[in-house]
Amino acid sequence: MATDHIVGIDLGTTNSLVAYMQGDAPAVIPGEDGLNLVPSVVALDEKNQVIVGNAARRYLIETPERAVYSVKRLMGRGVEDIREELKLFPFRLADDLQAGEVLRIKIGERTYTPPEISALVLRQLKRNAERFFGAPVTKAVITVPAYFNDAQRQATKDAGRIAGLDVLRLVNEPTAASLAYGLDKKKHGVVAVYDLGGGTFDISILKLHDGIFEVVATNGDTHLGGDDIDNLLITIALDDIRGDLGLDVRRNGEVVARIRKAVIEAKIALSSKSSAKLEVELPGGKRYQREITREAFEQLLQPIIDRTVGPCKQALKDAGLKPVQIDEVVLVGGSTRIPKVRQLVQDLFQRVPHTDLNPDEVVALGAAVQANILGGGSEVTKEMLLLDVTPLSLGIEVAGGVTDKIILRNSTIPASATQYYTTQVDGQTNVAIHVLQGERELARDCRSLARFDLKGVPPMPAGLPRIEVKFLIDANGILRVSAREQRSGKEAEIDVQPSYGLTDEQVENMLLASFDYAEEDFRQRQVIEARREAETILAALAKAKKSEAWQELTSDERRKIETLDKALAAVKDGDDYQAIRQAIDALNQGTMRLAELMMDSAVSTALKGKAMDDTGIEEGQQAGHPVAKAEFE
Amino acid sequence: MTGAGYASAPNFVRRPDMPNAESKSSLIMPGEATSSCWSCGTMRTMHFCCACGKVQPAVPVDYFTFFGFSRKLDLDTSVLEKEFYALSRRLHPDVFAQSETQERAWSLEQSSMLNDAYRTLKDPVKRTEYLLRLEGVELEEQSKQATEKARATGELKKQVVPADLLEEVFELNMHLEELRMQKKLGEDDPAMLEEIGKAKLSLEEKYDALFNELKSEWRKWDKAVDSGTEKERLAIRDTMVDVLNRRNYIRNLVRDVNEALEST
């Protein structure tokens, strides 16, 4: 019987993974190609078919305008925010994009919002999991950078929904990593998780004890990661090419993509070698070649990785701890493989970081642990509890353009605050509230989260209504607001205008539109269901072979059935729906007489007064095939 | 993001008539049943039904009552912490991920109250300020209206200088003014800086001493809760207000001094 498989998903800037709890330990579910990592790359082929993952990577180089990568950098952001990104990444905005509209990116001739693109990656992971389990997967835990703000989290949840997943929880990436790390219940102490991924940096400090994972402080930079290192090297290469060869290839998408590939390979090589070579074919038969020493690379890196120091120090300060009080530092994210990064972490925390866990997989594994906990827990997770925090202060804009902080950063979530409002004008029925996130004093320096319009306030003289507004940050780190006018007891209707997000209606429409892709899903569902039916029949047949009716068949009949049995067993695990269907039908045909015999004996047994149960044949079964519908343990 | 995330809210929140619902509920003793369990009908206690164990809607009680403590200030924070973890294990939304919508909503409400309560009671000053608010007092510094008025008019918020500090504050302000003048002229006066440094140290000592004074008031308060008269409690309450106000004043002053020194 298929139980609800809840999976853990790491939706990364560069790579994504899906994992589940396999007995005592979490395990990554590989794709059809047998690989654990699914590059977060989406492309459209010539026929506008969606390609995701490794297969999409070659499109980045061959037809870069038909592919997109690192879309996580755009989640929950507006056009104004991404001006800098646009300079460094080949994102192409939709031509008809209006001001204040949700971002749309061009892939080929089509446009997609970042949540839709992320949904395509999630869908791929979902399929991988379904293929693995041979059953539908509809529930997941998805990880997000700890420093993600409300809009970025909401966008991630939207992506899940568009992909057909019920997102049970968003978990912060460093917290997830700590779960994978601390799965051994004896883990006890203060742990710092340093997570430098493709596009984001997080530092979280946690207290582990008795299975409780309590985040004490968290900080980071959602605009900092391996991509920035790559871009630095790409810029140098482009300058080199222009200077030495007189070629300006900045606008040549294919060449830039090739440079990027070479740069990434060199970067990775430099983690274990003292020098690496960059070699790129250029138009006109020319070629760019350059050798980079690790020394030179580290000098280039320094300003980028130095940007991680500030957040680390702030997190320590907020936690009220000194580096020496940290028991263990855990490294997460591909970029932590760089020796210079490890050195920086070691210097900062005055200890050798823990590097036993695979920095690419640890977050997904932790998400799988959390998925297990949410599903009810198992022997190994039943004592575990996650207490996370909100990374940014929540504030309201008040008179004078100032932010009034109502929930402070690093408050354990769920967290709430209550504010009271009244009206300025007689008969006023609406109250507008502007909610922000951030640490700055002035509203304009903070991140606008949303404008809430409270409607339906009963008309009264100015100053009389007493509107109680409850702000609640839930376990996902996402804000909910409710309001009630106290004198009348009336719930206010709240109109939400998210500053950087999709409305519910937009998400619904995308869900419907995504039925384009449902074709592929449907096909796979057919296979899964046929496979299940095959298994049911084969099991029933195995049982039937032990019955008296089996003995009543001629040896010829028995041999024929065996052949059909083997034939079905051979195709049922494959992907060919037709083949499975045909084999099922053939076996059904071939066992008709056997079924009749079993039915006869069941009937005569019943007439002798024995319970139907004893014969192992289910009551009230559908007409046609007793063997197929028989119960079995 | 949907609007009223609390579709079920009207059913369970008791509408408070007073600005702070909490102040009325000292009538609810820790552990006392408040109404019947929605699931099995048994009379329920604070967070869970004592018979069937199902989570219950949050009741707007004060933070002390939430933890099952009496309104005493000399709290053993290790006991508080233990209770916090124990309640977290049972109330956290993760525990209810597979439960009914209603239970999920209640666990969300309960655990946010739990976290807010813990955050407040854990910190000694927050705890004291919270209790004073329950007792109907607004600390001078915290008076929101004063802050807003100051913002609106652009004036500095008036803070009453504690009597015993008058002389010290006067001298310090003079030194700071001289310092600013000198800086404008580009001059340096190490002797002045030393004076200011000493003054700051003295203030910091007073700051620490005030904390100890606060703690001794706690003990008086706690005794008075059990066996004192209304009059006695009021007196202690007013003393605590005074201690906190002086302490806040010094804190702000030290902050101003630091700012002035840093801009050197």
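How many residues of domain 1 of chain B are in contact with how many residues of domain 2 of chain B? Eight from domain 1 meet ten from domain 2. The views below come from a predicted model.

**View 1. Domain 1 of chain B touches domain 2 of chain B.** Domain 1 of chain B covers 9-134. Domain 2 of chain B covers 157-262.

**View 2. Chain A is in contact with chain B.** Chain A contributes 35 residues and chain B 26.

- Helix H11 (362-374) supplies at least two residues of the chain A side.
- Strands E18 (385-387) and E21 (415-421) each supply at least two.
- Strands E25 (479-485) and E27 (493-498) also supply at least two each.

E27(A) gives the most, with five residues. By class, the chain A side has 18 nonpolar, eleven polar and six charged residues.

**View 3. Tyr420(A) lies in strand E21 of chain A.** E21 is one of the elements on the side of chain A that touches chain B. Is Tyr420(A) buried or exposed? Tyr420(A) counts as exposed, because 11 C-beta neighbours lie inside 10 Å and the cut-off for exposed is 12 or fewer.

**View 4. Tyr420(A) is in contact with residues beyond its sequence neighbours.** With neighbours within four places in sequence left aside, Tyr420(A) is in contact with Arg466(A), Ile467(A) and Glu468(A). Glu485(A) is 65 residues from Tyr420(A) in sequence. In space, the C-alpha atoms of Tyr420(A) and Glu485(A) are 9.4 Å apart.

Definitions and conventions:
Residues numbered from 1 in each chain as written. Chains lettered and ligands numbered in written order. Predicted model: local features only at pLDDT ≥ 70, side-chain atom pairs only at ≥ 80, totals over all residues. Contact = placed C-beta atoms within 7 Å. Helix = DSSP H or I, 4+ residues; strand = E, 2+ residues; numbered from the N terminus. Nonpolar A, V, L, I, M, F, W, Y, C, P; charged D, E, K, R; others polar. Domains from an automatic or database assignment. Buried ≥ 20, exposed ≤ 12 C-beta atoms within 10 Å, placed from the backbone.
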